[in-house]
Amino acid sequence: MDEFSDATEMSWDLIKGKTESWSQNDTLIRFELNDGVTKINSYAFNNCTNIQTYFISNSVKTIGSYAFEYSKLPIINIPNGVEDIQTCAFKSCTTEKIIVPNSVVSIAYNAFAYMYGVKYLEWTPNADIFNYSIFGYGL
């Protein structure tokens with residue numbers, strides 16, 4: 001993803017210093033968060049309904065509250081390196097596949113709530129953090 005042809009594609013390298021989120025952006029089709037990014041802020045990609053591909057670096061340690069709420073993602077593949085998934089980070093996301101690595105040590109209430117249509121779940125985080133409130137309703 002070296003070249004970005006229009007506003008529907010972005011790389012974190014191209015938007016450093018941008019303070020607002022990409023929330024409710026229905027034209028965003030792909031994004032890339034490269035090495036050096038350590039947190040995906042709250043509401044960063046909330047309600048982005050046309051994401052087709054994305055890359056999140058292993059340098060990301062935290063996925064903020066509501067970061068991807070109501071978004072459509074082809075797959076939720078949490079990078080190995082993420083340690084903290086905050087409240088409702090993926091609430092009401094549309095996806096068929098979720099992969100959570102064992103680097104995750106903290107998952108807040110309703111992080112994956114109201115997710116219907118998930119067909120595959122690969123879950124290898126620490127057993128200490130697994131409880132029903134992670135999924136809320138759905139899944």
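**Figure 1. Two salt bridges in the predicted model.** The structure holds two salt bridges, each defined as a side-chain nitrogen of Lys or Arg within 4 Å of a carboxyl oxygen of Asp or Glu. This is a predicted model, in which local features need pLDDT of at least 70 and side-chain atom pairs count only at pLDDT 80 or more, while totals for chains, interfaces and linings use all residues. Residues are numbered from 1 along each chain as its sequence is written, and side-chain values use heavy atoms, with hydrogens and water left out.

**Figure 2. The Lys-91 and Glu-69 pair.** Here the side chains of Lys-91 and Glu-69 meet in a salt bridge at 3.5 Å, N to O. The pair links distant parts of the chain, 22 residues apart: Lys-91 lies in the loop between β7 (84–85) and β8, and Glu-69 in the loop between β5 (62–63) and β6 (76–77). Strands are DSSP runs of E, at least two residues, numbered from the N terminus. Both partners, Lys-91 and Glu-69, are buried (buried means under 20% relative accessible area, exposed over 50%, partly exposed in between, with a 1.4 Å probe and protein chains only).

**Figure 3. The Glu-96 and Lys-119 pair.** The side chains of Glu-96 and Lys-119 meet at 3.7 Å, N to O, in a salt bridge. Glu-96 sits in the loop between β7 and β8, and Lys-119 in the loop between β9 (106–107) and β10 (120–123), 23 residues apart. Glu-96 is partly exposed, at 46% relative accessible area, and Lys-119 is exposed, at 67%.

**Figure 4. Tyr-54 and its surroundings.** Take a look at Tyr-54, found in strand β4 (residues 53–56). Leaving aside neighbours within four places in sequence, Tyr-54 is in contact with Phe-31, Leu-73, Pro-74, Ile-75, Ile-76 and Asn-77 (contact means heavy atoms within 4.5 Å). The Tyr-54 side chain reaches the backbone oxygen of Ile-75 at 2.5 Å and the backbone nitrogen of Asn-77 at 3.3 Å. The C-alpha atoms of Tyr-54 and Ile-75 are separated by 9.5 Å.

**Figure 5. Two cysteines without a disulfide.** A search of the whole structure finds zero disulfides, that is, pairs of cysteine sulfur atoms within 2.5 Å. For Cys-48, the closest cysteine sulfur is that of Cys-93, 10.0 Å away, so this pair is too far apart for a bond. Cys-48 counts as buried at 0% relative accessibility, and Cys-93 counts as buried at 3%.

How values were computed. Helix = DSSP H or I, 4+ residues; strand = E, 2+ residues; numbered from the N terminus. Polar contact = N/O pair within 3.5 Å; in protein donor to acceptor, adjacent residues only side chain to side chain.
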